Amino acid sequence: DTSASMQFGNPSKWQLAAQLATALGYIALCGGDALFTFALPQDDVRTVPLRGKGMFSNLLRWLKSLNPDGKGLAEGLQQFARANFPKGFAILLTDGLDENFPDALTQVAYRGHEVLLLQILSDAELEPHLEGDLRLLDCETEDAVEITATLSVMREYQRRLTEFCHQLSDICRRTGGWYLRLESRASLEDVVFRHLRRIGVVGLP
């Protein structure tokens, strides 16, 4: 996910996403799998699969060329679903913060892909500490909303966020995939060696 919202967090959501893409890509290459890379959102869906550990440097160059400054996450995912990629294991590294993301996620799963959704959220999104009268600006659409951050408003935000995350989890579960919600401050080692091993996605000695 190269949408602008991935810049947020300390450390940023983008930092963890790039680390995970590097680690999981390396595991796939070492296992002899064909690795297709796709940045959301992007215009060009043409991509040549990487094969073999010797192509790891190509993966690193591709990741280095990316910047989290885009917009249109759901549209990009729908484009991926329509693209002529072979059916396989689709790993999504994203915050998923797009109201149309659940529908796009469903489209990917129904195209025959086995989905692993790693939803990365920052501390400020999981537990925002806001108070008073505020004007919030969407970094991608530049839409603004004015709120008064009372206790009831913040509770409603938490309720809606939890409901949204549960919706994504349910889509993955119903279509035979996996879902993990991660904090941007999570360590790479913890995600790979504990969380992904626990659900059986990554098999490591």
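This is a predicted model: local features need pLDDT of at least 70, side-chain atom pairs count only at pLDDT 80 or more; totals for chains, interfaces and linings use all residues.
Trainee: What is said of Cys-172, and how many disulfides does the structure hold?

Mentor: Cys-172 is in no disulfide, and its nearest cysteine sulfur is that of Cys-165, 11 Å away. The structure holds zero disulfides.

Trainee: What makes Cys-165 buried?

Mentor: The cut-off for buried is under 20% relative accessible area. Cys-165 has 3%, so it is buried. Cys-172 has 1% and counts as buried by that cut-off.

Trainee: Ser-169 is in helix H6, residues 151-174. Why is Ser-169 called partly exposed?

Mentor: Partly exposed covers values between the buried limit of 20% and the exposed limit of 50%. Ser-169 has a relative accessible area of 25%, so it is called partly exposed. The C-alpha atom of Ser-169 is 8.9 Å from that of Arg-181, a residue twelve places away along the chain.

Trainee: How do you know that H4 and H6 are roughly parallel?

Mentor: H4 and H6 pack at an angle of about 10°, with axes 10 Å apart. Angles under 35 degrees count as roughly parallel, and H4 and H6 are therefore put in that class.

Trainee: Which residues of H4 and H6 meet?

Mentor: From H4 come Phe-101, Pro-102, Leu-105, Thr-106 and Tyr-110; from H6 come Phe-164, Gln-167, Leu-168, Ile-171, Cys-172 and Arg-174. By class, that contact has eight nonpolar, two polar and one charged residues.

Trainee: What makes H3 roughly parallel to H4?

Mentor: The axes of H3 (residues 73-82) and H4 (residues 101-110) cross at roughly 10° and come within 9 Å. The limit for roughly parallel is under 35 degrees, so H3 is roughly parallel to H4. On the H3 side the contact is made by Leu-73, Ala-74, Leu-77, Gln-78, Phe-80 and Ala-81, and on the H4 side by Phe-101, Ala-104, Leu-105, Gln-107 and Val-108. These residues divide into nine nonpolar, two polar and no charged.

Trainee: Why is H3 described as largely enclosed by the rest of the structure?

Mentor: Seven of its ten residues are buried, so H3 is largely enclosed. The buried residues are Leu-73, Ala-74, Gly-76, Leu-77, Gln-78, Phe-80 and Ala-81. They pack against E1 and H4.

Trainee: What makes E1 and E5 edge strands?

Mentor: The open sheet has three strands in the order E1-E2-E5, with parallel pairing. E1 (89-94) and E5 (178-183) each have a single partner strand, so one side of each is left without a neighbour in the sheet. From one strand to the next the twist averages 15°.

Trainee: How do you know that E1 and E2 pair?

Mentor: Pairing takes at least two bridges. Six bridges join E1 to E2 (residues 114-121), and the two run parallel. In this pairing Thr-94 stands opposite Gln-119 in E2. H4 packs on the sheet, where it touches E1 and E2, and its direction makes about 155° with that of E2.

Trainee: What makes E3 and E4 a pair, and in which sense do they run?

Mentor: The requirement is at least two bridges. E3 (residues 132-137) and E4 (residues 144-149) pair over six bridges, in the antiparallel sense. E3 and E4 form a hairpin with six residues between them, and Glu-142 in the turn has a positive phi of about 65°.

Trainee: Ala-28 is found in helix H1, residues 13-30. Why does Ala-28 count as buried?

Mentor: Its relative accessibility is 15%. Buried means under 20%, so Ala-28 counts as buried. Apart from its neighbours within four places in sequence, Ala-28 is in contact with Asp-33 and Leu-35. Between the C-alpha atoms of Ala-28 and Thr-94, 66 residues apart along the chain, the separation is 19 Å.

Conventions: Residues are numbered from 1 along each chain as its sequence is written. Side-chain values use heavy atoms; hydrogens and water are left out. Axes are lines fitted to C-alpha atoms, for helices over the stretch in contact, and angles run from 0 to 180 degrees between N-to-C directions. Helices (H or I, at least four residues) and strands (E, at least two) are DSSP runs, numbered from the N terminus. Angles under 35 degrees count as roughly parallel, over 145 as roughly antiparallel, 65 to 115 as roughly perpendicular and the rest as oblique. Contact means heavy atoms within 4.5 Å. Ala, Val, Leu, Ile, Met, Phe, Trp, Tyr, Cys and Pro count as nonpolar, Asp, Glu, Lys and Arg as charged, and the others, Gly among them, as polar. A disulfide is a pair of cysteine sulfur atoms within 2.5 Å. Buried means under 20% relative accessible area, exposed over 50%, partly exposed in between (1.4 Å probe, protein chains only).
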